[in-house]
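Me: Please take me through this structure. I shall begin with a single side chain.

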Amino acid sequence: MKKILFVSSEVVPFIKTGGLADVAGSLPKYFNKEEFDVRVILPKYLCMSDEWKSKLNYVTHFYMDLAWRSQYVGVLEMKYDGIQFYFIDNEYYFAGPKPYGNIYQDIEKFAFFSKAALSMLPVIDFKPDIVHCHDWQTGLIPVLLKDKFHEGEFFRDMKSIITIHNLKFQGVWDMKTVKDITGLPSYYFTPDKLEAYGDANYLKGGIVYADAVTTVSDTYAEEIKTPFYGERLDGLMRARAGSLFGIVNGIDYNEYNPETDTFIEKNYNAKNFRKEKIKNKRALQRELGLTQNDGTFLVGIVSRLTDQKGFDLIAYMMEEMCQQDIQFVVLGTGDEKYENMFRYFAWKYPGKVSANIFYSEALSHKIYASCDAFLMPSLFEPCGLSQLMSLRYGTLPIVRETGGLKDTVIPYNEYEGTGTGFSFANYNAHEMFFTLKYAMSVYYDRKREWNKLIDRAMAADFSWASSARKYEALYRKLLGE
Ligand code: ADP
Ligand code: GLC
């Protein structure tokens with residue numbers, strides 16, 4: 001049995017701010033259980049729902065040195081959906097209304113988390129063959145494995161992988177403070193190791209020291225070797241190209257299933273969507289106060305409202321888009337300028353634009369199920385899960401051809417009768433608008449073609465089935481099998 005440990009700062013269903021949580025919570029379920037024992041470690045945040053917190057079982061606690069401090073490490077556990085989860089408890093670090101706060105606090109919080117995740121392993125007697133880290137929050141783990149932990153027999157042969165879910169966030173702070181927090185010697189703080197542009201950089205440390213680096217789509221794996229997408233680490237990505245692999249994300253096909261989804265008004269499937277999907281649209285229009293009309297082109301957005309997701313293009317075109325025979329339903333939180341932009345258009349065009357500036361699992365499912373199209377014109381997108389959820393519910397994605405969006409949405413080709421959505425190449429507001437209008441023309445004038453697009457979208461397979469096999473192959477390769 002090969003033992004794998006996932007370490008992640010967020011994991012569904014316990015705590016989520018974005019797609020990382022979906023991946024860390026669903027992928028472990030899809031490994032071959034005969035061959036792999038995959039367990040998951042995450043922080044026990046105060047902001048987790050009481051329902052989950054009350055179900056955790058106390059395992060043990062100990063004190064751990066973090067540089068000159070000695071800190072409490074509580075370990076709790078829970079088995080859920082066949083997976084063993086461990087939670088690291090420390091009320092000083094994991095208090096606060098959200099998992100992430102100020103970067104200077106987060107820098108210390110995740111130094112603690114990374115070291116605690118390793119330190120607890122001998123205590124609970126679980127010795128993974130591979131520690132699979134996710135994003136900058138766990139970037140110190142591959143470094144620590146090469147440092148002090150390497151001296152002990154327990155950790156010596158342990159391999160590490162780091163998966164980059166978003167290269168934009170690197171965990172950067174000044175070297176003096178990071179030395180003080182981590183207690184790592186000056187040896188590590190040079191430009192070929194943790195240092196980048198004069199600062200300490202957790203993600204860089206992870207990328208330098210991990211035995212393999214993966215990211216969440218093939219196209220993003222290529223893009224990050226270029227200056228435009230490389231976030232100033234493109235040189236390092238090129239240097240590590242031989243150990244850098246793109247493995248596209250999947251989604252949990254049991255959680256996101258229009259046939260069994262309990263959040264939505266009316267269940268449907270690839271056979272009966274022509275009759276049944278519309279009932280969700282009616283219910284959503286009613287619920288959100290949009291004009292009741294079966295025939296109006298309804299566009300959904302579920303997203304963090306940040307520049308990454310292309311909201312400056314949407315802001316630029318919103319007035320003009322609202323002149324069309326169209327309705328928008330937006331669900332998201334993020335930059336105030338975008339929150340207010342959608343509030344403004346909802347005020348100006350009641351019945352046409354619905355702005356829901358909050359977080360809601362339930363409403364997100366209703367949007368994926370009810371809309372005709374899903375708009376996601378990202379500036380960059382490591383993978384993107386929302387477009388996969390849309391495909392699964394027969395809601396056609398309109399995307400920019402970048403990262404995982406390019407790898408998962410096949411643009412409609414009206415001559416060949418192929419494609420699962422609509423896409424455009426350049427980061428340009430008018431290209432987006434043109435593509436949206438093209439999608440509308442197919443929707444309004446060629447309904448049979450539109451429905452065939454839905455047929456193909458719903459037949460696309462982005463369950464974890466094939467990507468989990470690729471991670472398994474990588475694990476075997478790393479273990480020399
Ligand atoms: P990212 O991780 O960059 O935010 P992804 O597309 O990979 O983007 O994943 C986003 C996830 O977060 C999806 O599961 C999406 O449904 C969910 N999500 C984003 N905003 C909200 C919201 N306001 N309410 C509910 N779910 C949301
Ligand atoms: C990040 C990326 C997103 C990706 C998710 C899960 O948040 O922004 O594109 O789908 O991680 O890998």
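Me: Is tyrosine 438 buried or partly exposed?
Reply: Tyrosine 438 is partly exposed, its relative accessible area being 25%. On that scale, buried is under 20%, exposed is over 50% and partly exposed lies in between, with a 1.4 Å probe and protein chains only. This is a predicted model, in which local features need pLDDT of at least 70 and side-chain atom pairs pLDDT 80 or more, while totals for chains, interfaces and linings use all residues. Residues are numbered from 1 along each chain as its sequence is written, chains are lettered from A and ligands numbered from 1 in the order written, and side-chain values use heavy atoms, without hydrogens or water.

Me: How many aromatic pairs are there in the whole structure?
Reply: The search finds 39 aromatic pairs. Phenylalanine 14 and tryptophan 52 make an edge-to-face pair, at 5.0 Å centre to centre and 75° between the planes. Ring centres of Phe, Tyr or Trp (six-membered ring) must lie within 6.5 Å; planes under 30 degrees apart are stacked, over 60 edge-to-face, and the rest tilted.

Me: Which parts of the chain does the pair of phenylalanine 14 and tryptophan 52 link?
Reply: Distant ones: phenylalanine 14 belongs to the loop between β1 (2-7) and α1 (19-26), and tryptophan 52 to helix α2 (residues 50-53), 38 residues apart. Helices (H or I, at least four residues) and strands (E, at least two) are DSSP runs numbered from the N terminus. Phenylalanine 14 is buried at 3% relative accessible area, and tryptophan 52 is buried at 11%.

Me: Why is the pair of phenylalanine 422 and tyrosine 438 edge-to-face?
Reply: Because their planes stand at 85°, with the ring centres 5.8 Å apart. Phenylalanine 422 sits in strand β18 (residues 422-424) and tyrosine 438 in helix α17 (residues 429-445), 16 residues apart. Phenylalanine 422 is buried, at 2% relative accessible area.

Me: What lies over the face of tyrosine 253?
Reply: Arginine 392 does, at 3.8 Å from the ring centre. Lysine 55 lies likewise over the face of tryptophan 52, at 5.1 Å. The criterion places NZ of Lys or CZ of Arg within 6 Å of the ring centre and within 35 degrees of the ring normal.

Me: Changing topic: what is 2.6 Å from an oxygen atom of ligand 2?
Reply: An N or O atom in the side chain of histidine 165. A polar side-chain atom of asparagine 249 is 2.8 Å from a ligand 2 oxygen, and a polar backbone atom of cysteine 383 is 3.0 Å from an oxygen atom of ligand 2. Such polar contacts pair N or O atoms within 3.5 Å.

Conventions
A polar contact is a pair of N or O atoms within 3.5 Å; within protein, one must be able to donate a hydrogen and the other to accept it, and residues adjacent in sequence count only if both atoms are side-chain atoms.
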